[in-house]
Amino acid sequence: MTKDETIYRVIKSDREGGFRILLDAYQKPVYYFIRRMVVVHEDAQDVMQEVFVKIFLGLNKFRGDSALSTWIYRIAMNESLRFLNKKEIKVVSADNVHDELIDNLKASDYIDYDNKMAVKFQEVILRLSDKQRVIFNLRYYDEMDYQQISKVTDTKVATLKVTYHYIKEKIKKYMVEE
Amino acid sequence: MEKDFDFDKIGKNTPYFTPEGFFDDMQKKILRTAERDIRKRRKMKIVFIALLASAAVFAGLIFFPFGNDIAPSQQPQLAKTDTTLGKTSTVRATDVTTYPPTKNPRMIVNDEAHINYNKKNSTAAAVQSDDNSTNEEWIEQLSDEDLKSLTSMADNDEFLN
């Protein structure tokens, strides 16, 4: 039995107990997924709380038709994008939001500036569009296969494959240039 | 930077980290918030149901007021009887009294009043017919002079003129 199946089974008999197991299993990966999207720790904290409250309230509706992880990441993606869209409205344009995210990466709490290579790598990723970042993060960091990413993002597998390779080339180019 | 970037070199490393004990605290916070939200939703549900019920009662008061004399269970029966008798579907007040009395107390009172009214009318007619015959006899016995004086008195009667 997979991790998701076990959690789903517990949830059906004991919602709160099942949710605790779900939190133990998904809290960290979901937090880091959100953090890579919104950069600032406090923002990631707020978005993560929103995500897990939504998951808890939606557990009754979850029928197990799709994988639990897909459902959880979909909510996390939607909430992260919603947060960024809100920011976009405040700071006028998407380009400005990306600039702001890069600025936050350069001067924020809970970022290891000693790891220059990792900071540089994140800066390059932040230059991608929001959707490209979602695809790259899910594939590269969360090691999802294209089928799973397709379910999370509602994008065709073929499109995802092409996009991922395009993103990788773009990152390589940026990393070599600077 | 190097000529060709190698993803394996950097691996899954990120510069992001969290304060100590963050995930434990967060778990408690999430559970607290989720429970609070569930309570809030339950309260909203109760308020919604209460509002719905009061709206239904209000609608009931508007469409079925207390002043309806005919019991709702009796109404379809009355309409049915009308059609079997070949009458129009309009129920008249006189039709209602021809049906067997219902248990509605107001209808029983109406029926009794109707019977009393009929009784009164028939008695009044009988009394009136008796009065007419005695008057006629009395007038026959009167002399012409008495009649003349009576008619002169009638000329001054403000109720007759």
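This is a predicted model: local features need pLDDT of at least 70, side-chain atom pairs count only at pLDDT 80 or more; totals for chains, interfaces and linings use all residues.
1. Of the 161 residues in chain B, buried residues make up 3%. The secondary structure of this chain comes to 6 helices and 0 strands, and when chain B is read along its sequence the pattern is α-α-α-α-α-α.

2. Chain B has an average pLDDT of 71, and 52% of its residues score at least 70. Among the elements of chain B, the highest mean pLDDT, 90, belongs to helix 2 (residues 22–63) of chain B, whereas the lowest, 49, belongs to helix 4 (residues 93–98) of chain B.

3. The meeting of the two chains comes next. In the model, 29 residues of chain A are in contact with 22 residues of chain B. On the side of chain A that touches chain B, the elements that give two or more residues are helix 2, helix 3, helix 6 (116–125) and helix 9 (157–177) of chain A. Helix 3 of chain A gives the most to this side, with 8 residues. Sorted by class, the side of chain A that touches chain B has 17 nonpolar, 6 polar and 6 charged residues.

4. The largest nonpolar core has 47 residues, and those with the most contacts inside it are Val30(A), Ile34(A), Met48(A), Ile72(A) and Ala76(A). Helix 2 of chain A supplies the largest share of this core, 11 residues. If residues up to four places away in sequence are not counted, Val30(A) touches Met48(A), Val51(A), Ile72(A) and Ala76(A).

5. Helix 6 of chain A, which is among the elements that give two or more residues to the side touching chain B, has Phe121(A), Gln122(A) and Ile125(A) as its buried residues. Seen down the axis of helix 6 of chain A, these buried residues fall within an arc of 100°, and they therefore line one face of the helix. As background, an α-helix has 3.6 residues a turn, so residues three or four places apart point the same way.

6. The buried residues in helix 7 of chain A are Arg133(A), Val134(A), Ile135(A), Phe136(A), Asn137(A), Leu138(A) and Arg139(A). Just after helix 7 of chain A, Glu143(A) takes a positive phi of about 50°.

7. Two backbone angles deserve a reader's attention, given that most residues other than glycine have a negative phi. Phi of Val39(A) is near 70°, which is a positive value in a residue other than glycine, and Val39(A) lies in the loop between helix 2 (15–38) and helix 3 (41–58) of chain A. Phi of Glu143(A) is near 50°, also a positive value in a residue other than glycine, and Glu143(A) lies in the loop between helix 7 (130–141) and helix 8 (146–153) of chain A.

8. Glu143(A), by contrast, counts as exposed because it has 10 C-beta neighbours inside 10 Å, where the cut-off for an exposed residue is 12 or fewer.

Terms used
Residues are numbered from 1 along each chain as its sequence is written. Chains are lettered from A and ligands numbered from 1 in the order in which they are written. pLDDT is the predictor's confidence in each residue, from 0 to 100. Helices (H or I, at least four residues) and strands (E, at least two) are DSSP runs, numbered from the N terminus. A residue is buried if 20 or more other C-beta atoms lie within 10 Å of its own, exposed if 12 or fewer, and partly exposed in between; C-beta atoms are placed from the backbone. Two residues are in contact if their C-beta atoms, placed from the backbone, lie within 7 Å. Ala, Val, Leu, Ile, Met, Phe, Trp, Tyr, Cys and Pro count as nonpolar, Asp, Glu, Lys and Arg as charged, and the others, Gly among them, as polar. A nonpolar core is a set of buried Ala, Val, Leu, Ile, Met, Phe, Trp, Tyr and Cys residues joined through C-beta atoms within 7 Å. The arc is that of the directions from the helix axis to the C-beta atoms.
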